[in-house]
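The terms are defined where they come up.

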Amino acid sequence: MERALGIVRTSIFAAVGIVGCSAPDAGRQTSEVDIETPPTSTATLTTATPREPPKGKGWVKEANGIIHRASEATCSAEIATPACEGNENHMSCKSDSECTEHPHGKCVHQTGAPMRATYCNCDYSCASDADCAKDEVCVCGDTSGQKQSKCAKAACKTDADCPSGTCALSAYFNGCHTALQLACKSDTDACKADADCTGGTHCVFASDGKTESWQCRGMGCVIGRPLVVDDEVQKAPNVERSDWAATEGLEGRYAADPDAADLRAHWLEIAAMEHASIASFARFALELLTLGAPPGLLVKAQAAMADETRHAQLAYSIALEYGGCALGPGKLEAAVAPMDATVYRVAYGLVRDGCIGETFGAVEGRCLAAVAVTPERRDVLDQIAEDELSHAMLAFEALRWMVATFGDDVRAAARDALAQAREDLATMSVSSRAARSEHGVFPASELKAMRLAALETIVEPALSASSSTRASLRCAS
Ligand SMILES: [Fe+2]
Ligand SMILES: [Fe+2]
């Protein structure tokens, strides 16, 4: 165990030197798929010229990249993932007949390539809006660039619903998760298409902390342990309040910066994610209690809640330096969402959010500190990185206890979470344009390179340093 923790600690600090807080291997990125540039060679996706009124049927992709919905469309509900074979390591279903939560359910066989961990899980698709909730539409997989068709939140359903005549698809990858939704375009939007955005950001429909609109957004999810419920990253809305931010006279110091609005929005998102981390650790503590964990882990989980509370306060304070009024978190209803505390689910979340997410947070915090705009900002980021490092170490310590206590389910979950993280990174959007690293916004390509390096040089060796996990990884490969 000490070896595993030692690897995490030394590797995170070495990683800053290894990757130099920049891409370790630029060539690696050339074959990556940009998920926010969906494919065009499909039967349902037609191409129009820019500045013409929206036209066509079904999903239409304009030459400037905007995808909008001219009319309802039928999608393929096929789920290409192979069916469950019945001999997987972990099985939450055995046949399609058990997948009835939504239409088009399939009990799929999932493989933790390249280590060949296997498990069965229900997956769902859609063929039309009738398969989705009232405020959702079915977004075709070949339109969104996702693996299959999915129901997505929709403020509008077709172009006819919008005064502008354009009901557009937003695919926003925030660094942790891709959010699909439809919303009307308008003349007052901060951006129309990706070409209007700089610094590696994309034109997506998102919240600026008060209202939702089309705006340029990058990846802000670099905070460590996210709050994930039903595979969705959750956070509270930001509301006007002054008890979470304290700038000590520094409010508005960067308000004249040309990117002040974007930087404020970025830090408000970081703040909301840090705030959600408090709930994530609270739920982790309950999971530990449910599984009968030793006191040392519980004490550390509680200490981590205090760390994340401080991180949220710091991030809300930094946001205020870019102007605007003081904001803080509103209600976080997902904090009390039902929990699945089976060993596999707890271990999977622990590796995904703790071993991997917190390690990413620590490395990225270190790299941001190294280029911070002021010594004070550097000190703040260094402290956050140190905390995230201790949270990553807590995750590896908890994983070690779970492997020793529960065995195979934990090993399978660790392999699956690692494989999923690799897959997520493979489809992570990149951009070669410069960002504002000194203010906390890395270029997407740099962020991706850092995460790849962290996964390969820190997380995988640390997992392997656990003798039980290492044996399992070897057997499965
Ligand atoms: Fe944090
Ligand atoms: Fe953390």
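## Terms and basis

Buried means under 20% relative accessible area, exposed means over 50%, and partly exposed is in between (1.4 Å probe, protein chains only). By that definition, Glu308 and Glu388 are both buried.

This is a predicted model, in which local features need pLDDT of at least 70 and side-chain atom pairs count only at pLDDT 80 or more, while totals for chains, interfaces and linings use all residues. Residues are numbered from 1 along each chain as its sequence is written, chains are lettered from A and ligands numbered from 1 in the order in which they are written, and side-chain values use heavy atoms, with hydrogens and water left out.

## Iron ion (ligand 1)

Donors are N, O and S atoms within 2.8 Å of the metal (3.2 Å for Na, K and Ca); water is not among the atoms, so sites may look incomplete. For the iron ion (ligand 1), Glu274 (OE), Glu308 (OE), His311 (ND1) and Glu388 (OE) coordinate at 2.1 to 2.3 Å. Along the chain, these donors follow the spacing E-x33-E-x2-H-x76-E.

Four donors count as tetrahedral if all angles lie between 85 and 135 degrees; four count as square planar and six as octahedral if opposite donors are over 155 degrees apart and all others between 65 and 115; anything else is irregular. The arrangement here is irregular because the four donor atoms subtend angles of 86 to 143°. Glu308 lies in helix H4 (residues 295-320) and Glu388 in helix H6 (residues 375-406), so the pair ties together parts that are 80 residues apart in sequence. Helices (H or I, at least four residues) and strands (E, at least two) are DSSP runs, numbered from the N terminus.

Glu358 in helix H5 and His391 in helix H6 are 33 residues apart and link distant parts of the chain. Both of these residues, Glu358 and His391, are buried.

The two iron ions (ligand 1 and ligand 2) are 3.5 Å apart, with Glu308 coordinating both.

## Nonpolar cores

A nonpolar core is a set of buried Ala, Val, Leu, Ile, Met, Phe, Trp, Tyr and Cys residues joined through side-chain atoms within 4.5 Å. The largest has 73 residues, and those with the most contacts inside it include Trp267, Phe284 and Leu455. H5 gives the largest share of this core, 14 residues.
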